[in-house]
Amino acid sequence: MTHSFSIPMTLRATTDEDPVNSTGADVSVPAAPVAPTRSRLRPLGVGEVTITGGPWGRRQDVNASATLAHIEHWLEHEGWLGNFDATAAGESPAGRTGREFSDSEVYKLLEALAWEHGRSGDPAVDRRIRAITARIAAAQDSDGYLNTVFGRPGGPARWSDLEWGHELYCLGHLFQAGVARARTSGFDELLAVCTRAADLVCEVFGPDGRDAVCGHPEIEPALVELYRVTGTRRYLDQAELFVHRRGRHLLGEIEFGSSYFQDDIPVLEADVLRGHAVRATYLSSGAVDVAVETGNTELLGAIVRQWENTVARRTYLTGGMGSRHQDEAYGEDFVLPPDRAYSETCAGIGSVQLAWRLLLAEGSPRYADLIERTLYNVVAAGPSDSGTAFFYTNTLHQRVLGTVPDPTRAVPRAASSLRAPWFAVSCCPTNVARTFASLQTLLATADDDGIQLHQYAPATITTTLPGGRRLTLSMRTEYPRAGRVEVYVDSAPSTPVSITFRVPGWAVGATLTDRGVTRSAAPGTVTTTRVLVSGDLLVLELPIAPRLTVADSRIDAVRGTVAVERGPQVLCLESVDMPDRRHVDDFVVDPARGPVDDGGDRIRVHGWVHDRDSDPWPYHSPGSAAPQGDSVSVVLRPYSDWAERGPSTMRVFLPVSTPTEES
Ligand code: FUB
Ligand code: ZN
């Protein structure tokens with residue numbers, strides 16, 4: 001597919017206020033994780049959008065009241081916070097605990113706390129941030145170096161293992177925490193720690209320094225954001241260098257091959273995301289950031305091309321990415337087996353981050369479609385309702401009953417049968433926490449003409465459009481349980497304003513009603529432009545009746561099956577909902593009878609229960625298999641809720657009864 005780009009106009013300054021407040025923070029920059037100096041759409045900050053209820057509101061509340069403290073407890077319990085104290089005392093790395101990248105979990109917690117503080121203003125959260133910042137700052141060397149593994153007496157030298165050491169990766173997460181803090185509370189000690197470290201990175205890896213990259217991309221988007229916060233051009237230049245150095249085999253040979261860390265093909269030349277899925281999405285996010293800030297349309301085009309091919313060939317129905325367990329990586333095109341789905345929660349988050357950047361750059365609703373799919377079916381599936389247990393991988397087919405993990409111990413790595421409180425590699429819980437703490441920033445954007453609504457949730461949105469035009473909207477909805485989205489105008493300028501609604505790709509038959517006039521709204525976007533007055537109501541109706549979905553026949557692993565979706569949610573069958581709690585693999589769908597909405601989150605499908613346990617050989621000539629068994633109907637529920645009721649077998653893709661299998 002060919003694509004033409006222009007990197008669009010500046011949309012930054014939109015407030016009447018003094019652009020620099022008393023803390024030194026630039027208040028014209030949205031308090032959001034991604035704040036381009038120019039882009040087609042302008043992100044809104046944590047203070048401009050408030051989620052007031054619904055499933056996402058509940059997730060934010062649980063994140064604030066349970067998840068953040070849970071994470072801090074585990075960081076102390078495992079000694080990953082204590083590593084900073086030991087480093088400050090000159091005692092590390094002897095007795096150091098955790099993997100080489102455990103510093104990054106502390107930084108991701110800090111980032112989550114910063115966004116949460118920006119959301120709630122809770123002084124207790126502010127105190128947590130200050131306390132953790134002090135421990136981190138104490139561990140920083142006088143020249144800016146900061147890491148609890150490398151560069152310590154008796155330990156490995158600085159930058160001595162770029163393939164696996166994660167030093168730059170960890171600093172990237174530190175910078176994102178510093179950016180979050182600066183954008184929500186102004187410049188403080190944390191940002192000072194960041195700039196000291198970033199200056200050192202530029203010195204060591206700059207144009208005259210080491211021609212090298214980190215084995216795990218992450219510092220690229222972080223340096224761009226640090227540039228956006230501080231205005232220090234060398235941070236952007238350094239990010240650009242890192243992006244363009246990759247793909248030139250600068251990293252040493254490893255068992256998974258150089259594609260694992262995207263060092264096989266230069267970013268400009270690659271056609272699809274490959275290798276380790278988190279690494280790929282983080283690198284691509286950084287490449288978009290660099291492209292947007294430097295006006296590099298070729299680079300932006302390369303990432304769009306890779307994104308299109310990845311979505312078309314390497315993405316699960318849930319939005320999940322990665323089908324290879326061995327290296328947490330993308331499989332070849334159409335290798336998307338549901339029972340081997342790796343679909344790491346972090347890869348889902350990385351995909352959201354990438355799609356969000358592309359949405360800001362280009363404005364196309366297709367990016368928000370993928371964000372919605374991934375938020376509902378990967379990011380929401382990761383944590384439990386309680387916010388204190390997590391999936392690391394997100395399988396689409398659980399064949400064996402899981403065992404309940406010990407709540408007092410970290411589990412080895414990517415346990416997928418039931419959510420666990422903590423992992424030895426615990427990247428996912430902290431990633432979920434920072435995503436939920438800043439989730440409201442994904443709902444809407446602005447441009448010179450008005451507001452674009454990308455995600456639907458009960459919320460208030462208030463912003464200032466160019467020319468000092470204040471606009472406040474309230475969104476009321478029970479989405480995704482119901483498809484009606486009401487948008488009330490609370491206050492508006494006297495000049496015309498555009499309100500643009502995203503119509504998801506699956507929402508065929510949607511309508512928009514404005515001043516009593518209803519018009520149809522095809523998938524894509526629908527816009528109203530007029531002078532709005534307080535009390536005006538716009539109503540978007542999205543058809544969310546459950547629907548059957550079949551996969552491209554090249555996804556061989558799910559041929560002969562159907563999935564059921566309802567609105568943005570992928571549904572699944574769990575054995576706790578089977579007659580007599582039978583194995584989900586015993587159920588076969590009758591495709592002649594569509595899914596029926598049973599009310600609440602329950603969708604019913606009809607089919608048969610097979611009893612094939614006595615079959616001595618699972619292969620037959622067409623038409624000679626055992627006859628279908630009892631006719632039953634079973635309840636499907638949102639995939640994101642699976643395993644909340646204890647050990648269960650589960651599947652998303654349900655086999656269809658076909659003439660070739662049945663007699
Ligand atoms: O390597 C750091 C993080 O740990 C990765 O992003 C995850 O996939 C996990 O391997
Ligand atoms: Zn992870």
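In which hand, left or right, does H6 pass H7 in their crossing? Keep that in mind while setting up the view: this is a predicted model, in which local features need pLDDT of at least 70 and side-chain atom pairs count only at pLDDT 80 or more, while totals for chains, interfaces and linings use all residues. Residues are numbered from 1 along each chain as its sequence is written, chains are lettered from A and ligands numbered from 1 in the order in which they are written, and side-chain values use heavy atoms, with hydrogens and water left out.

**First stop: H6 and H7**

Select residues 219–230, which form helix H7, together with helix H6, residues 189–205; helices here are DSSP runs of H or I with at least four residues, strands are runs of E with at least two, and both are numbered from the N terminus. H6 passes H7 in a left-handed crossing, a term used if the near helix is turned anticlockwise from the far one by less than a right angle, clockwise being right-handed. Their axes come within 11 Å and cross at roughly 120°, where axes are lines fitted to C-alpha atoms, for helices over the stretch in contact, and angles run from 0 to 180 degrees between N-to-C directions. H6 and H7 are therefore oblique to each other, since angles under 35 degrees count as roughly parallel, over 145 as roughly antiparallel, 65 to 115 as roughly perpendicular and the rest as oblique. Show the side chains of Leu191, Cys194, Thr195, Ala198 and Val201 on H6, which make the contact with Ile219, Leu223, Leu226, Val229 and Thr230 on H7; contact means heavy atoms within 4.5 Å. These residues divide into eight nonpolar, two polar and no charged, with Ala, Val, Leu, Ile, Met, Phe, Trp, Tyr, Cys and Pro counted as nonpolar, Asp, Glu, Lys and Arg as charged, and the others, Gly among them, as polar.

**Second stop: H4 and H6**

By class, the contact of H4 with H6 has four nonpolar residues, one polar and one charged.

Now select H3, residues 102–120, and H5, residues 167–185, whose axes come within 8 Å and cross at roughly 15°. That makes H3 roughly parallel to H5, and their crossing is left-handed. Among the residues in contact are Tyr107 and Trp115 of H3, and His173 and Arg181 of H5; by class, the contact has nine nonpolar, seven polar and five charged residues.

Glu344, in the loop between H10 (297–313) and H11 (345–362), and Cys428, in H13 (residues 427–437), are 84 residues apart.

**Last stop: backbone details**

In the loop between H2 (82–88) and H3, find Pro93, which a cis peptide bond joins to Ser92, with omega about 5°. Finally, Phe334, in the loop between H10 and H11, has a positive phi of about 70° although it is not a glycine.
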